[in-house]
Amino acid sequence: MEDSNKVLFSILNERLELLRTLDAEGDSERRRHIAKETQTLHAPMAHRLGLYQIKTEMEDLALKFLDYDTYKYIAHALNAKKAEREDYIARFIAPLEQKLKEEGFSFTIKGRPKSIHSIYNKMQAQRCDVDRIYDLFAIRIILDSPLEREKSDCWQVYSLITDIFTPNPKRLRDWLSVPKENGYESLHTTVLGPDKRWVEVQIRTRRMDEIAEQGVAAHWSYKGVKGSIIQRSGDVYVFTPTGDLRRLPEGATVLDFAYSIHSEVGSHCVGGTIRNQNVSIRQKLENGDQVFVLTSPNQHPNADWLNFVASSKAKSKIRQSLKELEYKQASEGKEIIERKFKNWKLEYTEADITRMALKLGYKEVSDMYQSVATGKEDIQRLREAFLATDEVPVIHHEEHEYVPKNELQGLAIEVDMNVSNVDFNLSKCCNPQPGDPIFAFVSVTKGIRIHRCDCPNAANIRERYPYRMLPARWAKKS
């Protein structure tokens, strides 16, 4: 690939040398043929390779040999206003130089007229005379920036320029994020300068400028610098309403931008404004966007936000807000239950609430509290579940079944009661053994359950169901 590029480079150099000698031939068919061929083949080839100096000179010379009168007219117009143009460029550059120095940038600023061929194309497209072309010259700002800061520095300079001069947003050209196929990297904007004249400003780094001027030749000299020198950074550079630069990951949205300002701004963001148009919080940002965030005190984060934010900060803050919201809802749900149970004159313990939550299918009590707070759980269903709840054993090692046994190692259990045909069940929550102090609990559906007196559930049973407790003891089988 390199060898083929070198061959093309050699062909273009030979063609340029030939064009420079054609003046001596006078107006001839051969000269016109060479000029036409250059326009259709060689100049586009130079453009493709990023050889802009060669491309520009070829286009100007080709125009000169194909339409000398127009070429001479434009050249004369530019030359006649050279002093005026240089004075204007000086007035335009002065505040920029001062601002860039104040911000600590190392830079070079150049002012140059557009090429004659470029002005000719504008005259054709706009169907007007050269005096009506609003951007006859361009300002180029070349920064001495390290590779890792190139893009952020260029966007920062763009922000400084638009602080001084009003930009035309339709004329922003971003070849930083996605360089041209020939490797050209630059940021172009058109601003309204002194005397209300439009001026194109090109912003690039020293490396970018060398590539722009020398094309593939510069690529050869830069080969091996951190891989591909036109590798995309995957970032997007946008601005606050005051012109501060924000660097966000590619795919960032208005919501990402809001969180980059402040977590509270992000949490209450309902949309934004870009280029005087209202956009949603999901709107993806583009390089150079200036974003105004719209907020509402009634807006709060929801889990869906995590599906379209790109920055780690936004994701972290949203998750944090969701956790805080869950805690708040759980507290509100708990207060609702406490208030309702008090109105119903029902006494309960934390263990009762836990058992009730498990009975209703909740994995955590906090989930039940949240459902109550958000209205997803009917409070009357909780009341019914509570009243229908017999002793729900505390689960130990996930064993909560009861094993029916009326006899154990030759001993029987005696219970002081006046009923017959009732099964005795040894409770596995405390696993009574012969000789342990025990008591009996009268269950509504599962007969008599035998517990140790020091059973983990004993205190709760004594508190809530003292009338269902009966003395029990081990006795010899009769």
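## Exercises on a predicted model

Arginine 275 sits in the loop between strand 9 (269-274) and strand 10 (277-279). The model is predicted, and the exercises below work from its coordinates.

**Exercise 1. Describe the backbone and the exposure of arginine 275.**

Step 1. Read the backbone angle. Phi of arginine 275 is near 55 degrees. That is a positive value, and the residue is not glycine.
Step 2. Classify the exposure. The relative accessible area of arginine 275 is 51%. Exposed means over 50%, so arginine 275 is exposed.

**Exercise 2. Where does lysine 196 lie, and is it buried or exposed?**

Step 1. Find the flanking strands. They are strand 5 (187-192) and strand 6 (198-205), with lysine 196 in the loop between them.
Step 2. Apply the cut-off. Lysine 196 has a relative accessible area of 72%, so it counts as exposed.

**Exercise 3. Work out which residues of helix 6 are buried and what covers them.**

Step 1. Take the range. Helix 6 spans residues 116-126.
Step 2. List the buried residues. They are Ile116, His117, Ile119, Lys122 and Met123.
Step 3. Look for the cover. It includes helix 2 (29-48), helix 3 (52-66) and helix 4 (68-80).
Step 4. Step past the end of the helix. Just after helix 6, arginine 127 takes a positive phi of about 50 degrees.

**Exercise 4. Which residues form the negative surface patch, and which helix gives the most to it?**

Step 1. Collect the members. Glu332, Glu335, Glu338 and Glu350 form the patch.
Step 2. Assign the main contributor. Helix 12 (residues 312-343) gives the most, with three residues.
Step 3. Inspect one member. Glutamate 335 is placed in helix 12. Its relative accessible area is 48%, so glutamate 335 is partly exposed.

Terms used: Residues are numbered from 1 along each chain as its sequence is written. This is a predicted model: local features need pLDDT of at least 70, side-chain atom pairs count only at pLDDT 80 or more; totals for chains, interfaces and linings use all residues. Side-chain values use heavy atoms; hydrogens and water are left out. Helices (H or I, at least four residues) and strands (E, at least two) are DSSP runs, numbered from the N terminus. Buried means under 20% relative accessible area, exposed over 50%, partly exposed in between (1.4 Å probe, protein chains only). Contact means heavy atoms within 4.5 Å. Patches are made of residues with over 30% relative accessible area and no salt bridge: like charges are joined within 9 Å, nonpolar side chains (Val, Leu, Ile, Met, Phe, Trp, Tyr) within 5 Å. Accessible areas come from the Shrake-Rupley method with a 1.4 Å probe; for residues, only the protein chains shown count as cover. A salt bridge is a side-chain nitrogen of Lys or Arg within 4 Å of a carboxyl oxygen of Asp or Glu. Lys and Arg count as positive and Asp and Glu as negative; His and the chain ends are not counted. The place of a charge is taken as NZ of Lys, CZ of Arg, CG of Asp or CD of Glu.
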